Amino acid sequence: MNQPGLPSGGVLERDASAWQGTRHRYPETAVEHAAADLALHAWLGRFTGHVSPAALAMAWLDWSSHLLLSPDKQAELAAHAASALGRWLHYSAGAAVARLAEPVAPLAEPITPLAQDKRFDDPAWHRWPWNALSQGFLLQQQWWHRATSSVRGMSQHHADVVTFVARQLLDCVAPSNFVATNPVVLATTCERGGMNLVGGALRAARDGWRAWAGPAAPGLLPGRDVAVTPGQVVLRNELIELLRYDPVTPQVHAVPLLIVPAWIMKYYILDLSPHNSLVRYLVGHGHSVYVISWKNPGAEERDLGLEDYRRLGIMEALDAIVRETGAARVNACGYCLGGTLLAIAAAAMAREHDRRLASLTLLAAQVDFTEPGELSLFIDESEVSFLEATMWSQGYLDTRQMAGAFQLLRTNDLIWSRRLRHYLLDLPERETDLMSWNADATRMPYRMHSDYLRRLFLNNDLASARYLVDGKPVALTDIAAPIFAVGTRTDHVAPWRSVYKIGLLTDTEVSFLLTSGGHNAGVVAPPGGAGRAYQLATQADNAPYIDPERWQREAPVTEGSWWPAWEAWLAGHAGPLVDAPHLPPGLEPAPGRYVLAS
């Protein structure tokens with residue numbers, strides 16, 4: 001069904017003048033009076049990795065002053081240090097004697113690394129003297145964790161920051177990072193006559209040159225290696241391209257599906273290689289799938305805000321889908337930031353009695369930001385103000401600045417382990433579609449990212465029903481559509497307990513699924529992979545609240561991928577099967593233009 005004055009076939013190309021006057025511009029008055037401050041902070045950010053030195057100084061001052069005024073804590077730390085030293089000396093001596101008297105059963109180690117710490121897994125680390133080195137490091141790490149936490153009177157945020165920074169500094173000097181103190185590297189160096197170090201040095205030089213020259217093109221190209229599911233671009237405006245995927249089954253569900261990915265990365269994480277493409281999986285099960293492909297913004301888009309992303313993204317996409325298909329209702333799925341924005345749009349639509357959403361699926365998406373995980377370490381008033389200065393000077397948050405923050409959250413996996421493999425052991429890079437996608441980041445406009453950090457992270461406006469859309473607050477409790485929420489167990493970006501809060505903040509039926517894996521690999525989990533499992537339980541709209549720990553204990557565990565469970569739930573809200581429609585061609589074939597922009 002077409003509206004008067006709009007082109008037929010569902011293909012629409014917007015004119016910029018149609019929306020230019022509706023944007024809410026960033027309040028430049030405040031910026032004009034702080035230009036010198038912003039310029040100074042932007043300049044300082046080049047040398048601090050865009051981390052506020054004032055924020056770090058306040059955290060360390062909070063810790064040191066309260067520790068100085070805590071004699072009991074000091075005595076506890078002194079006693080712990082003496083105990084740890086005694087344990088280490090006893091273990092080291094026993095390990096040395098055991099080494100001379102081989103073969104004997106290995107000694108019990110004083111401390112075991114955390115489950116996610118794989119630095120000392122190699123059997124070589126359990127032989128003297130390397131076991132003494134690794135145990136000494138782990139005991140120091142344990143002492144510093146105790147020293148920087150549970151200091152009476154210290155704010156929890158500052159405690160988290162100091163503990164995090166202490167861990168990063170310790171990771172820099174871990175014995176696994178150096179040739180002379182890493183038995184695996186020493187053995188490889190002897191076997192290869194030092195050529196592993198030569199090759200690693202050349203690799204480091206190449207990586208340094210690439211970092212200086214700017215971000216490189218992804219190894220796997222969208223439309224050629226990934227994002228190859230056949231489809232059409234059916235809408236393009238100043239912020240999005242809407243992709244419609246071709247049906248591959250004789251019949252399709254009557255209710256189409258709109259997928260809203262995060263704009264911090266390219267959409268094709270959900271359409272990687274054919275064997276692990278969620279889009280291809282859904283199309284193969286008879287769903288009519290539409291996906292938003294966000295534009296990679298530059299300095300000229302500095303004034304685009306969250307409201308622009310809602311209007312030009314979700315709302316225009318919904319209008320186009322309804323116009324093209326004639327469907328009265330649409331299922332919607334949002335991933336990460338896209339899920340947060342989708343929840344905002346759904347609440348605003350419910351407030352205005354717009355019932356076009358048949359269901360909501362939120363993949364690793366938060367709507368309450370009181371417990372956002374380690375990302376909160378980089379988000380307080382001082383840090384956000386400092387980051388705004390960088391965005392003010394260039395008009396956007398750069399991809400390398402975002403990548404650096406995420407790498408700090410997982411330094412062992414993303415920094416030190418990689419340097420060990422590539423620079424000391426000279427092991428080749430394993431190119432995968434997920435790794436290539438991860439390197440294909442997008443920028444974020446100044447105003448949008450400032451809106452996001454202040455209104456959601458700092459003020460938690462959405463969960464508190466203070467978030468304004470069209471000048472009026474929206475409430476998640478207004479949402480009547482059933483919700484399917486997915487959390488991942490080891491998510492550093494959207495911790496699953498935070499994602500779980502959607503059931504506490506809404507008055508509708510919520511099916512919550514907890515799956516193995518992290519923020520990306522947990523979502524991209526096609527059937528057939530090994531070691532996958534999930535838990536799923538549904539909470540009715542009038543059911544009593546169940547806390548996340550009890551939910552995790554009681555929800556049944558199912559081995560395998562979570563995709564079939566979600567597809568079955570989605571099919572229950574997708575209406576009857578009808579003959580696949582013959583739709584006209586779009587503006588151009590998928591994946592379109594925006595995904596190719598660097």
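This is a predicted model: local features need pLDDT of at least 70, side-chain atom pairs count only at pLDDT 80 or more; totals for chains, interfaces and linings use all residues.

Reader: How far apart are the end C-alpha atoms of helix α11, and what should its residues span?
Author: The end C-alpha atoms of α11, which covers residues 306–325, are 27 Å apart. At 1.5 Å a residue, its 20 residues should span 28 Å, so the two values agree.

Reader: Where is the kink in α11 centred?
Author: The kink is centred on glutamate 316 and amounts to about 30 degrees.

Reader: And how many of the residues of α11 are buried?
Author: Of its 20 residues, 16 are buried, so that α11 is mostly covered.

Reader: Let us turn to helix α12. How many of its residues are buried?
Author: The count is 15 of 15, and α12 is therefore largely enclosed by the rest of the structure. Helix α12 takes in residues 337–351 and reaches 21 Å from its first C-alpha to its last, close to the 21 Å expected at 1.5 Å a residue.

Reader: What about helix α7: which of its residues are buried?
Author: Among them are His158, Val161, Phe164, Leu170 and Asp171. Helix α7 runs over residues 156–172 and reaches 25 Å between its first and last C-alpha, close to the expected 24 Å.

Reader: Now the surface. Which residues form a nonpolar patch there?
Author: Leu40, Trp43 and Phe47 form it, and together they have about 360 Å² of accessible area. Phenylalanine 47 belongs to helix α3, residues 35–48.

Reader: Why does phenylalanine 47 count as exposed?
Author: Its relative accessibility is 59%, and a residue counts as exposed when that value is over 50%.

Reader: One more topic, the strands. How many bridges join β14 to β15, and do they run parallel or antiparallel?
Author: There are 6 bridges between strand β14, residues 510–515, and strand β15, residues 533–539, and the two run antiparallel. Within this pairing, serine 511 stands opposite threonine 538 of β15.

Reader: How many bridges does β15 have with β16?
Author: β15 and strand β16, residues 557–559, pair over 3 bridges, in the antiparallel sense. The bridge partner of glutamine 535 in β16 is valine 557.

Conventions: Residues are numbered from 1 along each chain as its sequence is written. Side-chain values use heavy atoms; hydrogens and water are left out. Helices (H or I, at least four residues) and strands (E, at least two) are DSSP runs, numbered from the N terminus. The expected span of a helix is 1.5 Å times one less than its number of residues. The bend at a residue is the angle between axes fitted to the seven residues ending there and the seven starting there. Buried means under 20% relative accessible area, exposed over 50%, partly exposed in between (1.4 Å probe, protein chains only). Patches are made of residues with over 30% relative accessible area and no salt bridge: like charges are joined within 9 Å, nonpolar side chains (Val, Leu, Ile, Met, Phe, Trp, Tyr) within 5 Å. Accessible areas come from the Shrake-Rupley method with a 1.4 Å probe; for residues, only the protein chains shown count as cover. A salt bridge is a side-chain nitrogen of Lys or Arg within 4 Å of a carboxyl oxygen of Asp or Glu. Two strands pair if DSSP finds at least two bridges between them.
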